[in-house]
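Welcome! Take a moment to look over the protein shown here, and then we will walk through its parts together.

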Amino acid sequence: MGPHAAIDLGASSGRVITGHLRDGVLRTEETARFANTPVAVPFKGGERLHWDVLSLYSGALAGLEEAVRAHGPLASVGIDSWAVDHGLLDAEGALLGSPVHYRDRRTDGVPERVFEHLSAEELYAVNGLQVQPFNTLFQLVASAGSVQLSIARDLLLIPDLFGCWLTGRKVAELTNASTTGLVDVRERRWADPCLKLLADTFEVPARSLLPDLVEPGHIVGPLPGGGTSLVAVGSHDTASAVVAVPARTSRFAYISSGTWSLVGVESDRPVLSEEGRQANFTNELGVDGTVRYLRNVTGLWLLQESLRVWWARGLDVDLADLLERAARLPGLRCVVDVDDPRFAPPGDMPARIVEFATETGQPVPNDPVQVVRCVLDSLALAYRRAVRQAVALSGREVEVVHVVGGGARNTLLCGLTAEATGLPVVAGPAEGTAVGNLLVQARAVGAVEGGLSELRRVVADSFETHTYRPEGESVVWERAQRFLWPEEAR
């Protein structure tokens, strides 16, 4: 059987990674990497932020061609990406404009408009999602009355859009669909109350726009020429990343660490308690009937955006050097709430961090090294909080924290996470999303058998990991957590 290829689309870049599975060991190779650069265009006197999906699709096609040149015919292809964003197609299948970026401000205030008709409590009881203004449900309300929406005939999330372009077939893969706010998390189907709300209150015909749902592992169809199957993998990148957690038992928490950090536990059923809703925990559907009970934490975005600002100003800063120097600074001198709304949009992130420090009476980080240390201390603190909340709310026992994704390469962050959580941290694989994508493909076409535990055994046998042990006094982290979130200490 030929190799498998994962098209893995991240918020800052896309990759095509091939995988060969032999004797229970997966070997991977990156055959292409291409930039993912959002584009701001004029709109009604302001700007609207879009994804350049045509450039991404071109990069993906070139990567597949390179994979075939290097390794021969592919057995299968799978596509994953970030969540919630989508393309609209007209009656002839033409794309109606570039998909809007989730960091665009068009959904500001939209959740509150929705809650006037369906309360936050009622909505959570159906879709189990934390309130994020960019959820697809809110994006559709923001688009109500637009020309594009009025002539649209299909709505496809980004991986399903690319899959449609490759095969001509329209589906909605469930793990990504569950992030839209339009899925009944208990029934794993489109949620009638949400579709009715959109149609009756906002005149958005979501029911007719949405394709049939399919579970991960579904074979969508052949690529042109036949011989290569498109497999609907866990197309939400976190769903694929969690497949690639090299866990030996079920008693683990995970951090899918990249531009965003998804922190939580794996469950066999949704947790829909009022306490979970108040804590802004979300229930996203996973592979093999699982539920990813997690909290979205603003991740390495703060560091990425700070670097962009420094480079734009002509500062000669290198990330590896900054991390090395930051590791030598005293910890927890200044911490910020990484989920504060001011840190969400693009912009001058170092200035916003200084602003937060000033408002809260902390020592101000006054150079890039201090800003980096502040960001990583703050991320580790947010991970501590989220892991502890996930355990308390779900009732799951946790003995270890697995970090997968790009953040697994950040040794300072992984070490701080072990200190903050008081648990061993196992870091790797760094390309966890692509690995999970490849394994679900391989199983779908018969190259490997078994459930998640068997797939995770392949990961553990195939990739090196590094374990970080907790050191230091947990009381300093407890004190910092109480400083940022005093209401939780009551």
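## A buried aspartate

A residue counts as buried when its relative accessible area is under 20%, as exposed when over 50%, and as partly exposed in between (1.4 Å probe, protein chains only). The model you see is predicted, so local features need pLDDT of at least 70 and side-chain atom pairs count only at pLDDT 80 or more, while totals for chains, interfaces and linings use all residues. Residues are numbered from 1 along each chain as its sequence is written, and side-chain values use heavy atoms, leaving out hydrogens and water.

Is Asp-377 buried or exposed? With a relative accessible area of 1%, Asp-377 is buried. Asp-377 sits in helix H15. Its contacts (heavy atoms within 4.5 Å), leaving aside neighbours within four places in sequence, are Gly-331, Leu-332, Arg-333, Val-335, Leu-416 and Trp-477.

## The whole protein

The protein contains 19 helices and 21 strands. These are DSSP runs numbered from the N terminus: helices are H or I with at least four residues, strands are E with at least two.

How does its radius of gyration fit a compact globule? For 490 residues such a globule would have a value near 23 Å, and the protein's 22 Å agrees. This radius is taken over C-alpha atoms, and the globule rule is 2.2 Å times the number of residues to the power 0.38. The C-alpha trace spans about 60 × 55 × 50 Å along its principal axes, and buried residues make up 59% of the 490.

## An open sheet and its helix

Now find the open sheet of 7 strands, in the order E17-E18-E16-E15-E19-E20-E21, with mixed pairing. Two strands pair if DSSP finds at least two bridges between them. At the edges, strand E17 (282-285) and strand E21 (466-468) each pair on one side only.

Strand E15 (residues 252-257) and strand E16 (residues 260-267) run antiparallel, joined by 5 bridges. Ile-255 stands opposite Val-263 in E16. Helix H15 (residues 368-394) packs on this sheet, touching E15, E16 and strand E18 (291-298).

## Two nonpolar cores

A nonpolar core is a set of buried Ala, Val, Leu, Ile, Met, Phe, Trp, Tyr and Cys residues joined through side-chain atoms within 4.5 Å. The largest one has 61 residues, and Leu-302, Val-336, Ile-353, Val-372, Leu-376 and Leu-379 touch the most other members. H15 gives the most to this core, with 14 residues. Apart from it lies another core of 46 residues, including Phe-134 and Val-220.

Notes
Axes fitted to C-alpha atoms, helices over the stretch in contact; angles between N-to-C directions.
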